[in-house]
Structures are given as structure tokens and as C-alpha cells.
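Welcome! Here are a few exercises to work through with the structure open beside you. Try each task before reading its solution.

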Amino acid sequence: MKIFVGLGNPGAEYANTKHNVGFMLADKLAGEIGASEWRSNFNALVAETFLDGEKILIVKPQTFMNLSGEAVAPIINFYKVELENLIVAHDDMDLPLGTIRLRPKGSGGGHRGVDSIIQHLGGKQNFPRVRIGIGRPPENWAVNSHVLSPFFAQDKDKISATIENLVPAVLCIFREGINKAMNKFNPRRNGNDASITG
């Protein structure tokens with residue numbers, strides 16, 4: 001069993017904001033693999049399907065970003081899923097807009113949604129991440145203003161393409177594991193950028 005969690009904030013006012021790229025990917029992934037029915041459970045919206053005979057849950061916590069762990073930890077505990085089978089997707093200001101990076105584990109890096117999940121998992125960090133670049137705030141913008149604002153018009157197509165192109169990366173994690181997905185989809189160290197960008 002695999003559990004994919006896209007992080008974001010509930011409510012129409014946040015739907016198209018940078019902080020919600022995890023939700024955007026969850027919606028796109030659900031549509032691509034036939035998990036079309038969302039139900040409310042565990043303080044989250046949950047859709048399920050089967051991929052190659054394996055059960056897949058797609059989760060959008062409804063606790064607001066900073067409390068994401070309150071939704072994720074109960075799901076992990078209920079299904080008794082190993083943490084390497086939990087994949088968390090979230091926005092990342094340290095990556096250029098539209099760039100992604102896959103990681104097998106690590107700290108929250110200051111992302112409060114990821115920090116909340118780690119906290120509610122008892123400090124455990126060994127779950128894969130899908131980091132989606134939203135870039136740094138414009139000059140004189142506060143961080144909150146940046147992450148809670150919609151994408152500029154000129155950036156919307158790039159983010160849409162990035163979300164669409166990320167689906168194969170997530171499917172690779174499901175089928176082949178995070179290490180093989182990293183080899184296929186992460187940027188190359190030699191400057192030959194093989195990352196997914198819009």
C-alpha cells in the first residue's frame with residue numbers, strides 16, 4: 001500500500017495559491033489513476049484506487065498547512081504503513097519556480113506542513129518528498145504573502161505543465177521506489193538539468 005499526501009490549505013480562497021501546489025498535484029494524480037471519489041476521513045479528503053494490484057490512497061489534509069500532521073499521522077497509524085510508503089508533496093521556496101526535487105527523507109527544512117508531519121510521527125523523517133519549486137518572494141514581499149498568493153499570470157502555464165509532468169515521477173515512486181525515481185527525475189549534478197520543469 002502507498003499513501004500520497006499533497007499539502008495545502010482547504011477553502012476556495014486558497015485553491016490557486018502557491019502553498020497549494022501539493023493539492024494541485026494530488027488532484028492531477030487522482031484523475032490520472034482513477035481515484036475520482038473523494039471522501040472525508042481522518043481530517044482529510046481521501047481518494048483511493050488500485051495501481052498494478054496495489055492499494056493507493058491520495059490524501060489532502062483539511063487541517064490547514066501548519067497542522068498537516070494531525071491528519072497524516074492517524075492515517076499512517078490506522079493502516080500501519082511503513083514510512084517509506086508515505087510520499088509527501090509540498091511547495092518549496094528554495095527551488096526555482098517550476099523545478100522539482102525528489103528526496104528519500106530529511107528534515108522539514110522550515111516547511112511547517114512537513115514539520116508538523118514529522119512532529120506527529122514522533123520525530124521520524126524517513127518518508128519520501130516531492131518538492132515543487134515556487135521560487136523566492138519578490139522584493140519587499142513577506143513569506144506569508146508570497147506563499148498565500150496566486151501565481152502570476154505569466155507563471156501559471158509553467159506550474160500547470162510542472163504538475164502534469166510530475167505524475168510520471170510519482171508513478172515511478174509507486175512502482176520502482178524513491179531511489180530509482182530520483183535517478184530518473186532529479187536534476188543532474190553536472191549542470192545538465194534533467195529536472196521536471198514547465
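**Exercise 1.** What do the buried residues of α6 pack against?

*Solution.* Before starting, note that this is a predicted model, in which local features need pLDDT of at least 70, side-chain atom pairs count only at pLDDT 80 or more, and totals for chains, interfaces and linings use all residues. Residues are numbered from 1 along each chain as its sequence is written, and side-chain values use heavy atoms, with hydrogens and water left out.

Step 1: find the elements. Helices (H or I, at least four residues) and strands (E, at least two) are DSSP runs, numbered from the N terminus.

Step 2: pick out the buried residues, where buried means under 20% relative accessible area, exposed over 50%, and partly exposed in between (1.4 Å probe, protein chains only). In α6 these include I178, A181 and F185.

Step 3: look down the axis of α6. The buried residues fall within an arc of 60 degrees, so they line one face of the helix; the arc is that of the directions from the helix axis to the C-beta atoms. On the other side of α6, N179 and N183 are exposed.

Step 4: name the partners. The buried residues of α6 pack against β6 (100–103) and α5.

**Exercise 2.** Describe how α5 and α6 pack.

*Solution.* Step 1: take the geometry. Helix α5 covers residues 153–176 and helix α6 residues 178–185; their axes are 7 Å apart, at an angle of about 145 degrees. Axes are lines fitted to C-alpha atoms, for helices over the stretch in contact, and angles run from 0 to 180 degrees between N-to-C directions.

Step 2: list the contact (heavy atoms within 4.5 Å). From α5 come P168, A169, C172, I173 and E176, and from α6 come I178, K180, A181, K184 and F185.

Step 3: sort by class. Ala, Val, Leu, Ile, Met, Phe, Trp, Tyr, Cys and Pro count as nonpolar, Asp, Glu, Lys and Arg as charged, and the others, Gly among them, as polar. The contact of α5 with α6 has 7 nonpolar, no polar and 3 charged residues.

**Exercise 3.** At what angle do the axes of α2 and α3 cross?

*Solution.* Step 1: the axes of α2 (residues 69–79) and α3 (residues 112–120) cross at roughly 40 degrees and come within 8 Å.

Step 2: that angle makes α2 oblique to α3. Angles under 35 degrees count as roughly parallel, over 145 as roughly antiparallel, 65 to 115 as roughly perpendicular and the rest as oblique.

Step 3: G69, E70, V72 and A73 of α2 meet S116, I117 and H120 of α3. By class, this contact of α2 with α3 divides into 3 nonpolar, 3 polar and 1 charged residues.

**Exercise 4.** Where does K80 lie, and is K80 buried or exposed?

*Solution.* Step 1: K80 sits in the loop between α2 and β5 (86–92).

Step 2: with a relative accessible area of 68%, K80 is exposed.

Step 3: check the backbone. Most residues other than glycine have a negative phi. K80 is not a glycine, yet has a positive phi of about 55 degrees. N43, in the loop between β2 (39–41) and β3, also is a residue other than glycine with a positive phi, near 55 degrees.

**Exercise 5.** Which strand holds L45?

*Solution.* Step 1: L45 belongs to strand β3 (residues 44–51).

Step 2: L45 is partly exposed, with a relative accessible area of 23%.

Step 3: leaving aside neighbours within four places in sequence, L45 is in contact with W38, R39, S40, I58, V59, K60 and Q62.
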